[in-house]
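Trainee: I would like to go through the ring contacts here and check each label against its cut-off.

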Amino acid sequence: MNKHQQKLRLSLHTIFALIALVIIADFVLPGRVINDGIINVKKDRQQYYNAARNQHYSYKVITNQHQFSVTKNFAKLAEGHEKIEYSVSRIFEEVNWYRFFPSEKRAFYSLRIISGIVLPLLVIISILVAYRYKKNIDILLFALKVLLIADLIFLMI
């Protein structure tokens, strides 16, 4: 590999590492904390069209300002509460955590943890391993970069 290709590869790795750092910073840094009333808890049936006819339910809490996905247990408990406190990230306007207003225990939605921490960290670690130890993991890096772009689009929508 010549010097021009190495510089191009290093530049691309740097761009993707910066994107991953921005996504991590958006999740980790404290966002706007909002105290709001729960208007509704919405339960949607998600169905797969396969031979087993699998299905599951997704739950959303609807407030005056936002609607966001929550876990099943939180949704069941939310029906008895009127107030909720949640944090909205500064860059992508995503709900990072939520809790019932008087409680101190925060809850996190698993998809937000994966998109905000796990996937970007995997990208950064893979780039560091490939660069530092000169490992040929180009296919893995390509797949993780595609997932990171999809994650960025998901966060921007």
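**Rings and charges**

Mentor: Arginine 106 has its charged end over the ring of tryptophan 97, 4.0 Å from the ring centre. The model is predicted, so local features need pLDDT of at least 70 and side-chain atom pairs pLDDT 80 or more, while totals for chains, interfaces and linings use all residues. Residues are numbered from 1 along each chain as its sequence is written, and side-chain values use heavy atoms, without hydrogens and water.

Trainee: What makes the charged end of arginine 106 sit "over" the ring of tryptophan 97?

Mentor: The term requires NZ of Lys or CZ of Arg within 6 Å of the ring centre and within 35 degrees of the ring normal. The 4.0 Å of arginine 106 meets the distance limit. Lysine 43 is likewise placed over the ring of tyrosine 57, at 4.4 Å from its centre.

Trainee: How many aromatic pairs does the structure hold?

Mentor: There are 5. One of them joins phenylalanine 74 and tyrosine 98, with 4.5 Å between centres and 70° between planes.

Trainee: Why is the pair of phenylalanine 74 and phenylalanine 100 called stacked?

Mentor: Ring centres of Phe, Tyr and Trp (its six-membered ring) must lie within 6.5 Å; planes under 30 degrees apart are stacked, over 60 edge-to-face, the rest tilted. Phenylalanine 74 and phenylalanine 100 have centres 4.4 Å apart and planes at 5°, so the pair is stacked.

Trainee: How do you know that phenylalanine 100 is buried?

Mentor: Buried means under 20% relative accessible area, exposed over 50%, partly exposed in between (1.4 Å probe, protein chains only). Phenylalanine 100 has 9%, so it counts as buried.
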